[in-house]
Amino acid sequence: LMFGAMLGSLFVVTRLRNSAWGVAALFGFTFISGLMLTPILTVAAGFRNGGQLVALSGGLTAAVFFALAAYATVSKRDFAFLGKFLFVGLVLLIVASLANLFLQIPAMALTISAVAVMIFSLYLLHDLSNIIRGGETNYVMATMNLFLDLFNIFVSLLHLLLAFTGQRD
């Protein structure tokens, strides 16, 4: 139900991106996305070092953002060529995630999270380059793209950190 609400709000933001209501829709989308964090944050709260892992995941996400933003700004390259490759990777990631809903293989879940960190880091580089080079001029869509990249990097890193360094009570 929450996933449907998130997808629905994603379409609403896209539909309203050229109006003043686009900002309000973007706030609604980020609110719903924040609610989607509740389950993984609840799991993290059950770990002895859960708060530290959430902070570490946030810090690593910020480090990835600043490193890639600096690289996209300083680099003379246009990363638009990554778009098709990343879209195919995203589709494969979604298919693998749906398959793992039924298969419930822990190693596959960790692999999916690791691949998601790489794919969304490259998406972040692609989107930042697109913004810097003037390819994305709509601030609502630029904000949403960056938010989705950072959201997915954070969640995937948190999943990996919980799996590898989480200390259960």
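Before placing any residue, I noted that a helix here is a DSSP run of H or I with at least four residues, numbered from the N terminus. I also kept in mind that this is a predicted model.

**Entry 1: histidine 126.** I looked up where histidine 126 sits and found it in helix α6, which covers residues 106-132. Is histidine 126 buried or exposed? I recorded it as buried, because its relative accessible area is 13% and the cut-off for buried is under 20%. Next I listed what histidine 126 touches, not counting residues up to four places away in sequence, and the list reads Phe79, Ala80, Leu82, Gly83 and Leu86.

Entry 2: With a relative accessible area of 8%, serine 113 is buried, and leaving aside its neighbours within four places in sequence, I saw it in contact with Ser156, His159 and Leu160. I then looked at the helix itself, and α6 has 27 residues and reaches 39 Å from its first C-alpha to its last, close to the 39 Å expected at 1.5 Å a residue.

Entry 3: Just after α6, I came upon glycine 134, which takes a positive phi of about 90°. The phi of glutamine 104 is near 55°, a positive value in a residue other than glycine. I marked this because most residues other than glycine have a negative phi. What does its accessibility make of glutamine 104? At 57% relative accessibility I had to count glutamine 104 as exposed, since the cut-off is over 50%.

**Entry 4: threonine 14.** I turned to helix α1, residues 2-15, where threonine 14 has its place. Threonine 14 is partly exposed, with a relative accessible area of 26%, a value that falls between the cut-offs of 20% and 50%. Leaving aside neighbours within four places in sequence, I noted that threonine 14 is in contact with Met141 and Met144. The C-alpha atoms of threonine 14 and methionine 144 are separated by 9.2 Å, and these residues are 130 residues apart along the chain.

**Entry 5: the whole chain.** How many helices and strands are there in the chain? I counted seven helices and zero strands, so that from the N terminus on the elements run α-α-α-α-α-α-α. Among contacts between residues at least 6 apart in sequence, I found that 80% join residues at least 24 apart.

I compared the radius of gyration with the rule for a compact globule, which for 169 residues would give a value near 15 Å, and the chain has 17 Å, which agrees. Along the principal axes, the C-alpha atoms fill a box of roughly 50 × 35 × 30 Å. Buried residues make up 36% of the 169 residues, while the chain exposes about 9,900 Å², with carbon and sulfur atoms supplying 74% of that area. Last, I looked up the charges, and the mean positions of the 8 positive and 5 negative charges are 3 Å apart.

Key. Residues numbered from 1 in each chain as written. Predicted model: local features only at pLDDT ≥ 70, side-chain atom pairs only at ≥ 80, totals over all residues. Heavy atoms only, no water. Helix = DSSP H or I, 4+ residues; strand = E, 2+ residues; numbered from the N terminus. Rg over C-alpha atoms; globule rule 2.2 N^0.38 Å. Buried < 20%, exposed > 50% of the residue type's maximum accessible area, 1.4 Å probe, protein only. Contact = heavy atoms within 4.5 Å. Areas by Shrake-Rupley, 256 points an atom, 1.4 Å probe, with all protein chains shown as cover. Lys, Arg positive; Asp, Glu negative; His and termini not counted. Charge placed at Lys NZ, Arg CZ, Asp CG, Glu CD. Expected span 1.5 Å × (residues − 1).
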